[in-house]
Amino acid sequence: MSGSNSPGERLARWIIFASGVLAIGVIALIFVFLLRDSISFLQTYSLVDFLTGRNWYPISEPPVYGLLPIILGSLLVTVVSIVIAVPLGVGTAVYLAEVAPGWLRELLKPLIEVVAAIPSVVLGFIGLTLLAPFLQQALGLDTGLTALTGGIVLAFMALPTIITIAEDAISSVPRAHRQGSLALGATRWQTTSRVVVPAALSGISAAVMLGIGRAIGETMVVLMVTGNAAVMPTSLGAVLGPVRTLTGTIAQEMGETVFRSQHYYALFAVGLVLFIITFIINWIADFVLHRFQESE
Amino acid sequence: MDGSKKVQLKDVSFYYGDFKALEDVTLNFEANRVTALIGPSGCGKSTILRLINRMHEEMGRTRVEGEIIMDGMDIYSRSVDVVELRSRVGEIFQKPNPFPKSIFDNVAYGPRLKGIKKKEALEGIVERSLRQAALWKEVKDKLDKSAMDLSGGQQQRLCIARTLAVEPEVILMDEPCSALDPVATQQIEDTIDALKNDYTIIIVTHNMQQAARISDYTGFMLVQETGEPGRLMEYGPAGKIFTMPDKKETENYITGRFG
């Protein structure tokens, strides 16, 4: 009864097929749902005004839904967190996988994974009560609730993901590559930087992408520490001022809107924009990675 | 340097942790000759290779006793830089281990470590090394393709070319053909034959016909009782070891009675 057409075999195939279809189906449905409600909004409001408008006044009369400052706010916070988290995370992963003695690695890895389990609201609380006042004083700002504050807390949130996955990728580079490099007269550092890290690059990129995904989709932290002012960031100096993000906007306003009002549908359109941005980032990363692997 | 002693082992013993893997090995490797080390698995053949380029230092707690001398210099003395030693002593591993890079970048890896950056200089080295390893004709039109797409035998010759590009004096080979088919094995053996005029080659092999075909000198190693360290039982010109060995154990092994 163990042939490829036995009932057990067929059942297993069917279950796997069903779970695959279910996963893809759910994503497709989310997209369709977002699209449908976004179209309801865009039938009553111009797409160009929505994407390029510089003011977000949803409850004034008439309401103005200019999303540009919020899109830029999201990107600004994300960029700050990437700039902090990627070098720190990849560096830590390299240290753990290549430099740290075995006992230290065994001690640090579970600790880092515990950090990933801290609820974001707790991190937001720490950001709000410790980091924000500190940055306000240290940099002499009007308020400590800024894009920088949000970026730092988000970076801290993304770090465990980046470190854990990048460390796995680096550790799984075959020992034969390291030996080959060392036997050619390379130092440990040359071996790490020229053979091991390039060989682990696809895994490291996946780690970074997941980290970025976590940062751009995070809501609670940015709601608590970025100040939530839909101010147009016009220069790099905006990093030190309050911003508002796409996620924060939806979370904050959804509870106050009238069901199926224009404002309600506008928030779905904001969700769609967030979805598309995430999609584009993934696509670019995939493309860059592919190009890189081909040139290898 | 012809026929002179390139690498000398004097009363060398070796420990992995508390386990004594080698005992009192004294052996001279002649310059510009191929020396084969034969013997059953676990007798310490590969360990001897590791001691000559100090690769065992990457494997945790180990200890070496005795002296290993290369060109009159103890390679374990403090003044010897292990990185520099390894650029003088190349190694070919059991399984081909090209880097996941292009063919060109694999061969250029060693020269680049030494700071050679000019494209023309690197191209010259890559071509010369690939020709020496008898791989040039097969890959000259696809140097920018990934080394991982080559066949096993081509990968192993690429690894030889990669080692030659560093211009070593000694080349260690740890069962270089064990993962290869007979045709690829033949090509590697031809390559070894062509290289021995310029390099001192030490090869570990399980294949006695191979050792008889390619080596000038042969050492037979053996663990006599389980748990004992490996010892060098007999060493001499390959012709003598394979036709009239002095020791009974050697004869038993080469005639296939055990191992």
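Analyst: Happy to. One term before we start: a residue is buried if 20 or more other C-beta atoms lie within 10 Å of its own. Keep in mind too that this is a predicted model.

User: Got it. How many residues of strand 9 of chain B are buried?
Analyst: Six of its six residues are buried, so by that cut-off of 20 or more C-beta atoms within 10 Å, strand 9 (residues 217–222) of chain B is mostly covered.

User: Which residues sit on each face of that strand?
Analyst: Y217(B), G219(B) and M221(B) are on one side, with T218(B), F220(B) and L222(B) on the other. Both faces of strand 9 of chain B are covered.

User: And what are the strands that pair with strand 9 of chain B?
Analyst: Strand 3 (residues 34–38) of chain B runs parallel to strand 9 of chain B and is joined to it by four bridges. A36(B) has T218(B) as its bridge partner there. Strand 10 (residues 231–237) of chain B pairs with strand 9 of chain B in the antiparallel sense, over six bridges. In that pairing M221(B) stands opposite L232(B), and F220(B) has E234(B) as its bridge partner.

User: What sheet does that belong to, and in which order do the strands come?
Analyst: It is an open sheet of six strands in chain B, ordered 6-7-8-3-9-10, with mixed pairing. Strand 6 and strand 10 of chain B are the edge strands, each pairing on one side only. From one strand to the next, the twist averages 15°.

User: What lies across strand 9 of chain B?
Analyst: Helix 1 of chain B does, and it also lies across strand 3, strand 6, strand 7 (170–174) and strand 8 (200–204) of chain B. Its direction is at about 150° to strand 7 of chain B.

User: Where is the four-strand sheet?
Analyst: That open sheet is in chain B too, in the order 2-1-4-5 with antiparallel pairing. Its edge strands are strand 2 (19–30) and strand 5 (73–74) of chain B. Eight bridges link strand 1 (residues 5–16) and strand 2 of chain B, and V7(B) stands opposite F29(B). Helix 1 (residues 45–53) of chain B packs on this sheet as well, touching strand 1, strand 2 and strand 4 (62–70) of chain B.

User: Changing topic: is helix 1 of chain A buried or in the open?
Analyst: Two of its 36 residues are buried, so helix 1 of chain A lies largely in the open. This helix (residues 7–42) reaches 51 Å from its first C-alpha to its last, close to the 52 Å expected.

User: How many residues are in contact between the chains?
Analyst: 23 residues of chain B are in contact with 14 residues of chain A. On the chain B side, the largest share comes from helix 2 of chain B, with four residues. That side divides into eight nonpolar, eight polar and seven charged residues.

User: Last one: which residues of helix 4 of chain B are buried?
Analyst: I125(B), V126(B), S129(B) and L130(B). They cover an arc of only 125° around the axis, so they are on the same side of helix 4 of chain B. What covers the buried residues of helix 4 of chain B includes helix 3, helix 5 (136–139) and helix 6 of chain B. The face turned away from the buried side of helix 4 of chain B carries the exposed residues E120(B) and A121(B).

How values were computed:
Residues numbered from 1 in each chain as written. Chains lettered and ligands numbered in written order. Predicted model: local features only at pLDDT ≥ 70, side-chain atom pairs only at ≥ 80, totals over all residues. Buried ≥ 20, exposed ≤ 12 C-beta atoms within 10 Å, placed from the backbone. Pairing = 2+ DSSP bridges. Expected span 1.5 Å × (residues − 1). Contact = placed C-beta atoms within 7 Å. Axes fitted to C-alpha atoms, helices over the stretch in contact; angles between N-to-C directions. Nonpolar A, V, L, I, M, F, W, Y, C, P; charged D, E, K, R; others polar. Arc of directions from axis to C-beta.
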